[in-house]
Amino acid sequence: MMYMKKKNVEITDISYTGSGVGRVDGKVIFVPKALDGEEVEVKIVRDSKTFSNGQILKVLKNSADRVEPVCPYYAICGGCDLQHCTYEKEVKIKKHILAREMSKVGFDGDIDFVECEKRYGYRNKIKLEVEDGKVGYFRANSKSFFAIDSCPIADPEIQKNIKNVQKIISENNFHGLKNIYFKIIENKLAICFLFDNSER
């Protein structure tokens, strides 16, 4: 079947979405979680007339900037795109993407980048999905749910309370509960439960 073809791809660039870019069978291929300079074995998951999308099966030649992601859900989650590289490489990628996109509208000046003080534990708000009494996120590019008990980019106070909220949900019948919002406001944690009234 066409979509199950395996190909070896040399990654030469990074797209604005953070995917590695290469060429296969004369067409551009986008490969999430691949870095420029790498050679990867991919499975073709989408093959249109003008481009393909691939999924990494194996990294054949590693970039020196590749690191092990901190998040245990990184391989499936649709929230983060660049945990597989060093933070220094992430900054370079983002500068490169921004400069390229700005050049399309005629800007060719210097691009500056304000680095975050910390790579993890910085996010002061998150939204979790709720399915079958579990909290979690959707898989990348889908509405396929998976449960979590942590989110490394979230503020430590949010992190600490994900399991607590999961315990509350497990011990109560919250019919129609769809989402949980966590937000740090003036150093205090606010938690909002969102229900779908149409299911009542």
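# Strands, rings and cores: reasons behind the labels

In this predicted model, six strands make up an open sheet with mixed pairing, in the order β1-β5-β6-β4-β3-β2. The edge strands are β1 (6–10) and β2 (13–14), each of which pairs on one side only.

Me: What makes β1 and β5 a pair, and in which sense do they run?

Reply: Two strands pair if at least two bridges are found between them, and five bridges join β1 to β5, which run antiparallel. One place to look is Glu-10, which stands opposite Glu-39 in β5.

Me: How do you know that β5 and β6 pair, and how many residues lie between them in the hairpin?

Reply: The requirement is at least two bridges, and β5 and β6 have eight, in the antiparallel sense. The two strands form a hairpin with three residues between them. Across this pairing, Val-40 has Val-59 in β6 as its bridge partner, while Glu-39 stands opposite Lys-61 in β6.

Me: Why is Asp-47 called buried, and where does it lie?

Reply: Asp-47 belongs to strand β5. Its relative accessibility is 16%, and buried means under 20%, so Asp-47 counts as buried.

Me: What makes the approach of Asp-47 to Lys-27 a polar contact?

Reply: The distance limit for N or O atoms is 3.5 Å, with one atom able to donate a hydrogen and the other to accept it, and the side chains of Asp-47 and Lys-27 are joined by a polar contact of 2.5 Å. The side chain of Asp-47 also makes a polar contact with the side chain of Ser-52, at 2.7 Å.

Me: Why is Gly-37 called partly exposed, and where in the chain is it?

Reply: Gly-37 lies in the loop between β4 (27–31) and β5 (39–47). Leaving aside neighbours within four places in sequence, Gly-37 is in contact with Ile-11 and Lys-61.

Me: Why is the pair of Phe-30 and Phe-51 called edge-to-face?

Reply: A search of the whole structure finds four aromatic pairs. For Phe-30 and Phe-51, the ring centres are 5.9 Å apart, which is within the 6.5 Å limit, and the planes stand at 70°, which is over 60, so the pair is edge-to-face. This pair links distant parts of the chain, with Phe-30 in strand β4 and Phe-51 in strand β6 (residues 51–61), 21 residues apart. Phe-30 counts as partly exposed at 26% relative accessibility, and Phe-51 is partly exposed at 23%.

Me: How do you know that the charged end of Lys-33 sits over the ring of Tyr-74?

Reply: The distance part of the test asks for the charge to be within 6 Å of the ring centre, and an angle of within 35 degrees of the ring normal is also required. The charged end of Lys-33 is 4.6 Å from the centre of the ring of Tyr-74 and is assigned as sitting over that ring.

Me: Which residues touch the most other members of the largest nonpolar core, and which elements give two or more residues to this core?

Reply: The largest nonpolar core has 23 residues, of which Ile-126, Leu-128, Tyr-137, Ile-148, Ile-162, Ile-180 and Phe-182 touch the most other members. The elements giving two or more residues to this core are β7 (125–131), β8 (134–138), α2 and β10. Apart from this core lies another, of nine residues, among them Val-9, Val-24, Ile-29 and Ala-34.

Me: What is Ile-162 in contact with, leaving aside its neighbours within four places in sequence?

Reply: Contact calls for heavy atoms within 4.5 Å, and the partners of Ile-162 are Ile-126, Leu-128, Val-135, Ile-148, Asp-149, Ser-150, Cys-151 and Phe-182.

Technical notes: Residues are numbered from 1 along each chain as its sequence is written. This is a predicted model: local features need pLDDT of at least 70, side-chain atom pairs count only at pLDDT 80 or more; totals for chains, interfaces and linings use all residues. Side-chain values use heavy atoms; hydrogens and water are left out. Helices (H or I, at least four residues) and strands (E, at least two) are DSSP runs, numbered from the N terminus. Rings of Phe, Tyr and Trp (its six-membered ring) pair if their centres lie within 6.5 Å; planes under 30 degrees apart count as stacked, over 60 as edge-to-face and the rest as tilted. Buried means under 20% relative accessible area, exposed over 50%, partly exposed in between (1.4 Å probe, protein chains only). A nonpolar core is a set of buried Ala, Val, Leu, Ile, Met, Phe, Trp, Tyr and Cys residues joined through side-chain atoms within 4.5 Å.
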